[in-house]
Amino acid sequence: MTTPSTTPPAPAANTPLSYEQAGVKYDLIDPLKVAAQRAAAATAVHLGPHGYSEVEASRGESAYVVDLGPFYLASIVECLGTKTLVADAMWREGPGTGENFFGAIAQDTIAMAVNDLVTVGATPLVVQAYWAAGGSEWFADGARAQALVAGWKAACDRIGAAWGGGETPALAGIVEAGRIDLAASCTGLVNPKPRLTLGEHLGPGDAIVLLESSGIHANGLSLARKVAERLPQGYRTDIGDGLRYGPALLAPTLLYSPVTEALWAAGVRVHYAANITGHGWRKLLRHPKALTYRVHTLPPVPPVLRFLQQQAGMDEAEAYGTLNMGAGFALFVHADDAERAVATARAQGIAAWVAGRVEAGPKQLFIEPLGVHWGAEELQLR
């Protein structure tokens, strides 16, 4: 028996890993998203005969918004991705009968949808579940299935949303045997209508407030799994601070809707919000306006993300342009409201920092402590 070390292992000796080498190539994915947006925009005319209309500015944002007259309706669908494979590995390969993280990844799945929905100022109302298994036998494992159910309900309770229903198909031949693909949709209301947050008030002088992440959340798991393959002890590897790699990766994604709800109740007007998932901190460039963003303060990097960066051989630009690196959500507020926004988030149990400012200028982002700069061409989502 060995005594766990408090020092993370040295970086792997073999060649560095990039997110593209892990199988995720945004240069291939993003053009499809843009093409889909253009085709989808042409379908907005179908709302007219019902007396409704789309909010055109929501196209390309994290949630789609429809004007229903007295209020707005917002909706989103998201999948969890390959984090389920890490939970599978811990269930099958952990000590004894394995470690059950299926309640945690239930929260992850809901967070993927809800954290997008609230960027437009919506209150989550209904969550739907999509659990597609590689065969009916997946659902026969009572402990695993019940953890998924309990975790799903607990996350709905945390955000105050109804679990409306869902779909549990057995897709042998599409989903690998013994695996499950998790997704969630969420519908919410923007009510009253002035809560709508699409960046129309975003401008020079605004402060950038960053909310903490709990770890990797659900972005970058393809890379994290590749790193696990290189480690002699895989997901059981000690990464320091008494943490093992697998459980650290499976820390559930934080739910940010309690913060956005509390901000509205406190009278803090959010000018814009960004969920920091795919593309990492480049998501701060999401709004189409030509503005310059300067980050002067960095949140602490969770140990699992620093370990992942070291083991994959990522420089700071690649790490912050791929992973959340300790910031799971960004709020853009009037400078006078910045400290209140921080205090409001902390009252909800979420650490927050006044991390930067918005300036007039070309569309670009400076992470000043790291010497990292990205221009408008680094994020093409429209």
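Predicted model: local features only at pLDDT ≥ 70, side-chain atom pairs only at ≥ 80, totals over all residues.
Residues are numbered from 1 along each chain as its sequence is written, and side-chain values use heavy atoms, with hydrogens and water left out.

When I say helix or strand, I mean DSSP runs numbered from the N terminus, H or I of at least four residues for helices and E of at least two for strands; two strands pair if DSSP finds at least two bridges between them. Arg294 belongs to strand E11, which pairs with strand E14 (residues 364-367) in the parallel sense over four bridges, and with strand E13 (residues 352-360) in the antiparallel sense over five bridges. In E13, the residue standing opposite Arg294 is Arg357.

How enclosed is E11, then? Four of the five residues of this strand, 291-295, are buried, so the rest of the structure largely encloses it; buried here means under 20% relative accessible area, exposed over 50%, and partly exposed in between, with a 1.4 Å probe and protein chains only. Arg294 itself is partly exposed, with a relative accessible area of 22%.

The side chain of Arg294 meets that of Glu359 in a salt bridge, 2.9 Å from N to O, and because Glu359 lies in E13 and Arg294 in E11, the pair ties together parts that are 65 residues apart in sequence.

Asp88 counts as buried at 1% relative accessibility, whereas Arg179 is partly exposed at 21%.

Let me turn to the sheet. Six strands form an open sheet in the order E1-E2-E3-E6-E4-E5, with mixed pairing. The edge strands, each pairing on one side only, are E1 (53-54) and E5 (162-167). Helix H4 (residues 142-159) packs on this sheet, touching E4 (123-133), E5 and E6 (180-190), and its direction makes about 165° with that of E4. Contact means heavy atoms within 4.5 Å, and the angle is taken between N-to-C directions, on a scale from 0 to 180 degrees, of axes fitted to C-alpha atoms, for helices over the stretch in contact.

Where does Ala122 sit? Its place is in the loop between helix H3 (102-117) and E4, and at 0% relative accessibility Ala122 counts as buried. Ala122 and Val190 are 68 residues apart in sequence, yet 4.4 Å apart in space, C-alpha to C-alpha.

Finally, helix H8 (residues 303-312) has seven of its 10 residues buried, so it is largely enclosed by the rest of the structure. Those buried residues pack against helix H5 (221-230), strand E8 (238-240), helix H6 (245-249) and helix H9 (316-320). After H8 comes Gly313, whose phi is positive, near 70°.

How values were computed. Salt bridge = Lys/Arg side-chain N within 4 Å of Asp/Glu carboxyl O.
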